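Have the model open and follow the residues as they come up.

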Amino acid sequence: MKVKIILTILIFSSIIFPQNETIENYVKFGLANNLALRQKQFDLEKSLSSLNEAEGMFYPSIGINARYTRAGGGREIIFPIGNIVNPIHASLNYLMQQNLFPTNIQNENIPFLREQEQETKISLVQPIIQPAIFFNYKIQDDLAEISSLDKQIYIRSLIAQIKNSYYNFLKTESVKKIYENTLELVNENLRVCESLHKNDKITVDVVYRAKAEVSEIEQKLLEANNNRELAQSYFNFLLNKPLESEIIFDTNSVAKNSQLNFDLTHSSAINNREEILQLNFLANVYENKKSISNANYFPSLIFAADYGFQGEDYKFTDKDDYWMASLVLHWNLFNGFQDASKSEQAELEKKKVETQIEEIKKQISLQVLQSYKNYELAEKSIKSVQEMLNSMKISFRIVDKKYKEGMINFVEYLDSRNKLLQTEINEIITKYDLQQKISELEKTSALIELKDFLEK
């Protein structure tokens with residue numbers, strides 16, 4: 001499988017579209033500063049921290065515990081020393097006819113609780129046999145991989161968004177420039193019409209028609225300016241820059257001579273799409289959860305040791321210290337088949353994920369097919385539109401010459417100019433639509449090597 005993936009990458013590295021330095025720099029800047037991507041990075045770091053936590057369970061835990069206690073009342077142990085000794089002493093005094101032994105000894109009441117007590121110790125606990133720790137570490141490792149892939153999915157999507165929004169900016173800027181140039185032409189045309197009207201060469205309706213044409217182009221220029229500003233704001237938003245920041249207008253960023261075919265793009269998507277890899281890791285998670293449940297049938301063994309000092313006062317001499325070492329065995333012999341149920345649940349979840357893998361492969365195939373068809377249509381359209389534009393330019397030059405020689409009227413001239421304008425705009429839209437379709441195909445087919453855009 002690895003060999004297949006490497007071969008696919010090598011093949012695409014030779015045919016992938018050459019990227020302009022401007023757009024590459026913008027993509028790298030966006031990946032370094034995008035706020036949503038930073039949030040994905042925090043999620044990944046959280047997963048890695050959980051993995052470190054799981055690894056720490058293999059090591060011993062060492063801690064210091066100290067306790068100082070003052071107590072009062074409670075149960076007492078009564079030692080009847082007076083009841084035992086006083087009769088004996090009385091007998092002895094009688095036999096010896098002297099009061100040599102006391103006969104008023106009191107019984108002793110010994111409290112169960114010490115009035116004050118301290119205990120200070122250092123404790124060590126080391127798991128020796130505990131399979132759940134091993135499988136939990138494997139689960140956290142798989143979850144960290146899933147989080148890393150989630151970040152890669154967003155990176156791939158963000159690269160496509162940055163490229164698409166940049167092409168959208170180029171598109172709106174180009175359309176705006178066309179309307180600006182057209183506005184100069186219609187203003188000049190209005191000036192000529194007004195001059196001809198003053199010399200009684202044309203009627204006043206032609207002048208009003210020219211004025212209406214100026215107003216129409218001014219209104220479309222306003223729309224083009226608005227679209228450009230919106231495209232500029234969204235592009236800067238993705239880059240986490242001030243929305244009004246200037247953007248480099250570099251038409252060399254348009255890719256040329258694409259050499260993609262469906263089989264290669266589909267193969268790349270199935271082998272490299274992060275969504276499939278994520279589900280494979282998720283299946284491993286449920287497999288390890290099943291292993292944890294099965295491991296509960298076996299005993300676990302823990303070593304525990306304490307060393308400390310205890311007594312009524314704080315004294316740390318060799319007469320006050322103590323130590324204790326234990327091996328703790330735990331073996332759950334019966335718990336109402338709970339572990340069997342948990343194991344069965346994990347197996348069912350794993351089968352569900354395996355079904356999802358098959359489903360998402362089909363979804364990805366459909367996505368690639370749609371993206372490829374859109375790309376193919378856009379590539380064919382650009383050729384037709386360019387041929388149409390060349391024809392319209394030649395046609396307009398002839399019409400313009402006829403109009404200046406008075407062979408055709410203003411309406412025919414205006415109709416030809418408007419058709420040329422629409423074709424020029426259509427050529428721009430089609431050209432940048434093709435670039436956006438290529439970006440979409442790059443994303444759905446996982447054609448881009450993400451490491452090429454990430455800072456080393």
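Predicted model: local features only at pLDDT ≥ 70, side-chain atom pairs only at ≥ 80, totals over all residues.

Just after α9, G406 takes a positive phi of about 75°.

How far can you trust it? The chain averages a pLDDT of 90, and 94% of the residues score at least 70. Residues 5-16 call for care, with pLDDT below 50 over that stretch. Beyond near neighbours in sequence, residues 5-16 have 17 contacts in the model.

Helix α9 also turns up in the second largest pocket, where α5, α9 and α10 each supply at least two residues of the lining. The residue ranges of these helices are listed below.

| Helix | Residues |
|---|---|
| α5 | 131-198 |
| α9 | 338-404 |
| α10 | 410-444 |

Which helix gives the most to this lining? That is α5, with five residues. The second largest pocket holds about 360 Å³ of space, and 16 residues line it. Nearest its centre lie N189, D400, Y403, K404 and Y413.

Now for the aromatic side chains. How many aromatic pairs does a search of the whole structure find? The count is 16. One of them joins Y26 and F235 in an edge-to-face arrangement, 5.0 Å centre to centre with 85° between the planes. Y26 belongs to helix α2 (residues 21-33) and F235 to helix α6 (residues 204-238), so this pair ties together parts that are 209 residues apart in sequence.

Methods:
Residues numbered from 1 in each chain as written. Heavy atoms only, no water. 1 Å grid on protein atoms, 1.4 Å probe; cavity = no way out; pocket = protein on both sides within 12 Å on 5 of 7 lines; lining within 4 Å. Points joined across faces, edges and corners; volume = space filled by probe spheres on them. Helix = DSSP H or I, 4+ residues; strand = E, 2+ residues; numbered from the N terminus. pLDDT = per-residue confidence, 0-100. Contact = heavy atoms within 4.5 Å. Phe/Tyr/Trp six-rings, centres within 6.5 Å; stacked < 30°, edge-to-face > 60°.
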